[in-house]
Each structure stands twice: as structure tokens, then as C-alpha cells.
Amino acid sequence: MHKFLQYFLLLFLVSSCTYFKKPQEPEAIARVGEVYLYKNDIKDLVPKGTSKSDSIAIVKSYIDRWATQKILYNAAEYNLSNNQMESFTDLINQYKIDLYTKAYLEELVKQQIDTVVTEAQINSYYDLNKQYFKNSSELIKLRYINLVKENQKLDKIKSKFSSFTKNERKDLQEQAIQFKSYAFNDSMWVDINQVYEKLPFINVNNKDQYMVPGLNFQYPDSTSVWLVKVNNVLSKNEATPLQFLRPTIKQVIINNRKLELVKTIEKEITNDAIKNNKYEIYK
């Protein structure tokens, strides 16, 4: 019993020492005045896999920036006039108000906004504002095939490419593996700069020779032949086709809804405050 009592007292003393032990202070790595930068503050600063030399450089750069900011801030507090400090305090408070109210309104708008935009709404917006949408460069509708000159089916391919019925287009699609490059979607507008990339023999200086509506031509180079059919050309500064503007118009419509919804929410909140006697103007 005596030994048991000694063991219990010893255990109690050890536990008590641990309980009353002062918590370990965080490890500081830099100080400016009475402000400290701690090791925990930079624990996620260096990406995994970074070399030791790069890690040291990243940490040193961060510490230098941190110290410079603190030193400048202390100097500013000491040297700026009271009027300047008050002015900045007002700006900070106003920024806080703007930040909070913006976040709150955005959350309310997110809950209430209708993001469904129909094709009819897009078409209507386009028709009303068409005059404001102008091409920044020429737009082209065309199809083409680039294949080697020695292709034994060249004549048949030319014929099918020229008439381009539904079945012939399907046949050409099935043979596409033997083409160096091709594009069959001639109902889609493409920017002239894309044409320069895909058909390198066409450039700014000779485009008017080749980019002619309805023109069907072939162009041979040293190893291959190009078959090209130009369906249509839309000049610079003409109204931009709806195809190009559909995503933009959809976003514009949604943004306009957001603006209207914000106005409505602000008005409703103000009216509720007046109704509940939380807001009044003294005469």
C-alpha cells in the first residue's frame, strides 16, 4: 500500500508538471519593431519539389518584402499628417462598406437571377443592336482539301469536292485519312487570319485574288495540291454574324438582368427599412 501511494504521488507530480508547463512559443524568423513573422506564416510558401537553393531564394525574397512593407508602414504612420491619416481611414472604411455590400448583393442576385436565355431573345437583341457590331477583320465561309499530287483518286476527289452533295461529302469524310489537311464545314464563318494559318499560300497581299465569293479553285505547290471553294466573304466593318456573337449576346443579356435586379433589390431593401422605421430623413 505504501509503495502504491508513492507511485500515485509520483504520477500526480509528473502530470501536474505537464499541466502547468508553459505553452511553447511559436518560432519567429524575422522582426520589425514589435511585429514578428513566424515560421508558421510561411509554411505553405514554397511549392513541393522546389530545390533547396530556390526554396532559400523564395523565402528570403518573401521576408524582405514583408520587412520592407512593415518598415514603410511604420514610417508612414510616423510621418503622415493627421489629416492624411484621417482621409485614408475614411477611404478604408468606405472600401470595407463597398466590399461587404457588393458581396451581399452578389449573393442575393445569384439566388434570384434567371440565367436562361432563349434563342428568340438572342435574335431579338441582335436585330436591335446589329449596327453596333462590326467586323474587326474579314470573315470567310469556305471548304478545302490539301492532298499529295500523286494521289491516284485525285480526279474523283476533285469532282466530289466540286459538287459536294450530301453523299459526296460523306465519301470525302471517309477518305479524310489520306488528306494532309481539310475542312468541310463551309457554312461557318472563319476569321481571315485563320485562313492565313490553314492555307499558307494565301496572305494579306494576294487574298483578294483568292477570297472571292463562289470561287472554286485548286492551287498546286511543290508536293501537294489544294482544292478550295469559297462560299462567301464578309468585308471588314460589315455587321458581325450572329454565329460569332451568340455567346457574347447571351452574357450581355444576363448582365443587364443583373443590373436591373440589383436596382430592384436596393429599392426593396430601402423601402423595407422605411416601413420598419429603420431609416428616416429628418426635415
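This is a predicted model: local features need pLDDT of at least 70, side-chain atom pairs count only at pLDDT 80 or more; totals for chains, interfaces and linings use all residues.
Residues are numbered from 1 along each chain as its sequence is written, and side-chain values use heavy atoms, with hydrogens and water left out.

**Stop 1: H4 and H9**

Select residues 119-129, helix H4, and residues 242-275, helix H9. (Helices are DSSP runs of H or I with at least four residues, strands are runs of E with at least two, and both are numbered from the N terminus.) The two axes come within 9 Å and cross at roughly 100°. (Axes are lines fitted to C-alpha atoms, for helices over the stretch in contact, and angles run from 0 to 180 degrees between N-to-C directions.) That makes H4 roughly perpendicular to H9. (Angles under 35 degrees count as roughly parallel, over 145 as roughly antiparallel, 65 to 115 as roughly perpendicular and the rest as oblique.)

Now show side chains: Tyr 125 and Tyr 126 are among the H4 residues that meet H9, whose partners include Leu 245 and Ile 249. (Contact means heavy atoms within 4.5 Å.)

**Stop 2: H5 and H6**

Next, pick residues 154-163 for H5 and 166-174 for H6. Their axes are 8 Å apart, at an angle of about 135°. H5 and H6 are therefore oblique to each other. On the H5 side, look for Ile 157, Lys 160, Phe 161 and Ser 163, which meet Glu 168, Asp 171 and Leu 172 in H6.

**Stop 3: the largest pocket**

Which residues line the largest pocket? Select Leu 142, Tyr 144, Ala 183, Asn 185, Met 188, Val 190, Gln 194, Val 195, Lys 198 and Leu 199. (On a 1 Å grid over the protein atoms alone, a pocket is an open set of points where a 1.4 Å probe fits, with protein on both sides within 12 Å along at least five of seven lines; lining residues have an atom within 4 Å of a point.) The space here is about 210 Å³. (A volume is the space filled by probe spheres set on the points, which are joined across faces, edges and corners.) Helix H7 gives the most to this lining, with 3 residues.

**Stop 4: the second largest pocket**

Finally, color H3 (82-112) and return to H9: each supplies at least two lining residues here. H3 gives the most, with 5 residues. Lys 102 and Val 262 are among the lining residues, and the space is about 160 Å³.
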